[in-house]
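I opened the coordinates today and kept notes as I went. The entries below follow the order in which I looked things up.

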Amino acid sequence: MQEFDFSIVEAEARKIWEDQQVYKVEINHSKPKYYVLDMFPYPSGAGLHVGHPLGYIASDIYSRYKRLKGFNVLHPMGFDAFGLPAEQYAIQTGQHPAKTTKENIETYKKQLDKIGFSYDWSREVVTSDPSYYRWTQWIFIQLFNSWYDKSSQKARKMAELINVFERSGSSTINAVCDEKAISFSAEEWNKFSKKEQQDILMQYRLAYQNYAWVNWCPKLGTVLANDEIVNGVSERGGYPVERKKMSQWFLRITAYAERLLQGLDTLDWSESMKEMQRNWIGKSIGAMVCFPILGNDQEIEVFTTRVDTIYGVSFIVIAPEHDLVAQITTAEYADAVKSYQKICAAKSDVERQQEKKVSGQFTGAYVIHPLSGVQIPVYIADYVLAGYGTGAVMAVPSGDQRDYAFAKVFDLPIIQISDAQKNLDIQADATKEGKYLNSGLINGMSYNEAVETLINELEKIGKGAGKTNYRMRDAGFSRQRYWGEPFPVYYDSEGIVNVLDEKDLPIILPDVENYKPTSDGHSPLANSIQWMNALGNGNVRESDTMPGYAGSSWYFLRYMDPHNDYQFVGNEAQNYWKDVDLYIGGTEHAVGHLLYSRFWHKFFKDNNWVSTEEPFRKLINQGMIQGRSLLTKANSIKGMPGGIHIPLSYTGPGDRIYQEKFLELLKADSRFESVNPKTDIHWEDVEHKAFISLQPEVEKMSKSKFNVVNPDDMIAQYGADTFRMFEMFLGPIEAHKPWDINGIEGVSKFVRKIWRLYQFDEHGTPQFAEEANKEELKVLHKAIKKTTENIERFSFNTAVSALMIAVNDFGKINKLSKETLNTLPVLLAPLAPFVAEVLWQKIGNLKSVLNADFPLYNEKYLIEDNIIYPVSINGKVRLKLEVPSSSSIQEIEKLVLEESGVQKWIEGKSPKKVIVVPGRIVNIVL
């Protein structure tokens, strides 16, 4: 018999795929389309670890399955190639990011090909390729030249807005714009200077520039989005983040807030994922209230969802970085306010929101309550953020626990406003029940009546109005780094922002000598004087680059038409592929990437560049494969306190093995060369001496934790088919699970069992029976049914299990029929493509197995001849009885009562009742 050798099988399969161009995909109107997409990876220098392919394997299984079911499947892959790691490496080594990125991509592609993915590499996209980011720059220009019309609920061209301003001024425009946008007549517009007009237009553009408080990371030299900060430090590198006011580019994603919210109801995503997006968008219905500043002609605007509590306001809190702080702070409190602002600037938004300690500073200023006329003190405090709402809150200590704690610390009044509030001496009570008291205009009213009355009054006196608000902020779009898309933007001699002509795209990144940002926070591009001034006539290029999410917000569309030089996606390609049917990726992209992609797609829809409102129909978030680390915890090892991580790349029982492995690693680590294992290491914590804990720690697989397992090593040892199925066999695709290779030998044996079913002779020819017997057909059609159902519901671990059971049952049959041997490779093709392809060829097929039709099961072969019934007597199962499946209830009852084993238990008694549950159980009650 020809022995199984996975290396030979994999080489043969690859040759077939390459010779037949099996994965090449073209538009085919004779077939229904199906688009399967992976969240494309960032090509890091570390390459893939075994956690990365989990989602890729799942998507590949489903892609192959859908192709076998008759669909024209688009399953592409590319690389999200711009990013901080390459730039940090460039700073450290001087190597150009393009060089290291290209090398890393080659490594990734080799690793991916080893696993056997059905990617059409002719459609590969790389976001750092000028031929790709040319279109990212083009899209930015379109956003810059657009505004959002609330009346039509869609984006429109700036030329249309300018035309209205010239004819009618701003009075007839219902647009999403800056809240500080001024009103003007057509006559006034036409008298404005070019600079004044452009400043006004900037307040309407979907891509606009503004000053804002941002998360500045000095170590990385760039601004970070909120989702790029974890536990108060940068996600990449773990560096401190501080607040800084800078000129930034933004995308007006808030214009699409309601459409983004409503669109979630149309998507086949998990409820938890949709809820995460809903919470990020954060729709709330309330009122805007204006509090006039005492002795000043300005007002502090506050958005509140509880306008009914307005008479309980005893102080106002504004963000430390609020624009009004410097204007309203009195001389007496100026130094204290500046000192507190400095403390807050050193904290990220996340840290400030998580801060438990109550802190704040009185400004010396007061506002006038718009309804009662009472003077109310104004404080600054870290729990109020300038980027959320108006950057100010009306504090109601009796109705909000955070305000209550602040009032207690600063000895401020706590005003009861409802007869239903209880225990105000110990905590706030936010109830909406009862009748209002100490509340002027609304005394004695209930909640709904009070809200309506207050909003009407505030609108009447010009101090407020009802309003819908969203927590989501406009998306920061500037990064002060080198390795990103250059903006197609320049500033003329008057400082007016201009975008380049589309024919001048792409704007290619220049070579620079220094990849570090400038000391004042500008991008490294600012050091390239020649490039910055290359346009001449006093025009200066933008030195910032676009963020990582720019290229990833639309890449799924470029896969449809990757070589189109005239459109980012052509009409024919988009109208055929339309949208992504299945998207698989991690939950870490729940907010940023998915939200930005949906926003861009809706903008494209407004311009008729795409035919769908949403980009991703179904989303599956794969779980994480976690690594096992030997976490060492030491009070002191030769002056090295704290913990370090030692890799655990093996499994085995017993502390002795762990200790031996640890000592081996310790000996090889120069940091511990002075450690004497016999005298310096204690395996238990005894009187606070140094000790080592050798319990494996299950945690995220990461190069920094030294617990990475390379898939190349697993494939070299077990083969790609075994590796693929083992990853699926670890558990449900959505679940987190630790990497544990204890079961991989079983999967490897399973693949070899499949091979042996073909009983190859010395010439490599499979041996088979002329016809399948009844038992063989039952096993075959049961396997078809189970495999189909499990793959359809993305239960890939149970799909592997079902095939394992079938192969074991097939192994009990002397010789299988050609029908079975011809069907088995098609069943296996989604899960184990290499062995499936070679077996398919060896049974006599010439074209790839992916050109076959996935088999259909026949119910007639699944009918059992006999059924085994558990027989329960007075609630306890005493025996099991096999009866013909065609038996009636009366016949089953007769057979059971005549059974000698049953007679033994009933001891001649007449049963009070015999209950037969067809196909399940027989209950006898004595």
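**Entry 1: aspartate 712 and ground rules**

I looked up aspartate 712 and found that it touches Gln111 and Lys114, with residues up to four places away in sequence not counted; contact here means heavy atoms within 4.5 Å. Aspartate 712 sits in helix α23 (residues 711-718). Helices (H or I, at least four residues) and strands (E, at least two) are DSSP runs, numbered from the N terminus. Aspartate 712 counts as buried because its relative accessibility is 19%. Buried means under 20% relative accessible area, exposed over 50%, and partly exposed in between (1.4 Å probe, protein chains only).

I note that this is a predicted model, in which local features need pLDDT of at least 70 and side-chain atom pairs count only at pLDDT 80 or more, while totals for chains, interfaces and linings use all residues. Residues are numbered from 1 along each chain as its sequence is written, and side-chain values use heavy atoms, with hydrogens and water left out.

**Entry 2: confidence**

I checked pLDDT, the predictor's confidence in each residue, from 0 to 100. The protein has a mean pLDDT of 89, and 90% of its residues reach 70 or more. Which residues have pLDDT under 50 and yet 70 contacts beyond four places in sequence? I found that these are residues 630-655. Residues 682-695 also have pLDDT below 50, and the model gives this stretch 36 contacts beyond near neighbours in sequence.

**Entry 3: salt bridges**

I listed the salt bridges (a side-chain nitrogen of Lys or Arg within 4 Å of a carboxyl oxygen of Asp or Glu). The structure holds 38 of them.

I looked at lysine 195 and aspartate 199, which form a salt bridge with the closest N and O atoms 3.2 Å apart. Both are in helix α8 (residues 194-202), and because they are 4 residues apart, about one helical turn separates them. Lysine 195 is partly exposed at 30% relative accessible area, and aspartate 199 is partly exposed at 42%.

Next I took arginine 278 and aspartate 265, whose closest N and O atoms are 3.4 Å apart in a salt bridge. This pair links distant parts of the chain, 13 residues apart: arginine 278 is in helix α10 (residues 271-281), and aspartate 265 is in the loop between α9 (257-263) and α10. Aspartate 265 is exposed, with a relative accessible area of 54%.

Is aspartate 579 buried or exposed? Aspartate 579 counts as buried, at 6% relative accessibility, whereas arginine 617 is partly exposed at 42%. I also recorded one network, in which salt bridges that share partners join Arg259, Arg598, Lys602, Asp606, Glu613 and Glu614.

**Entry 4: proline 615**

I then looked up proline 615, which is in the loop between α20 (592-606) and β23. Proline 615 is buried, with a relative accessible area of 0%. Among the residues it touches are Phe556, Asp579, Arg598 and His601, not counting residues up to four places away in sequence. Proline 615 and leucine 557 are 58 residues apart in sequence, and their C-alpha atoms are 8.7 Å apart in space.

**Entry 5: a sheet**

I traced an open sheet of 3 strands, with the order β4-β3-β5 and antiparallel pairing. β4 (154-157) and β5 (175-176) stand at the edges with a single partner strand each, so one side of each has no neighbour in the sheet. Two strands pair if DSSP finds at least two bridges between them; strand β3 (residues 146-149) and β5 are joined by 2 bridges. Tyrosine 148 stands opposite valine 176 in β5.

**Entry 6: nonpolar cores**

I looked for nonpolar cores, sets of buried Ala, Val, Leu, Ile, Met, Phe, Trp, Tyr and Cys residues joined through side-chain atoms within 4.5 Å. The largest has 186 residues, and Phe140, Trp249, Phe477, Tyr555 and Phe604 have the most contacts inside it. Helix α5 (residues 130-144) gives the largest share of this core, 9 residues. Phenylalanine 140 touches residues including Ala207, Trp249, Phe477 and Met546, not counting residues up to four places away in sequence. A second, separate core has 48 residues, including Ile300, Tyr311, Ile318 and Tyr447.
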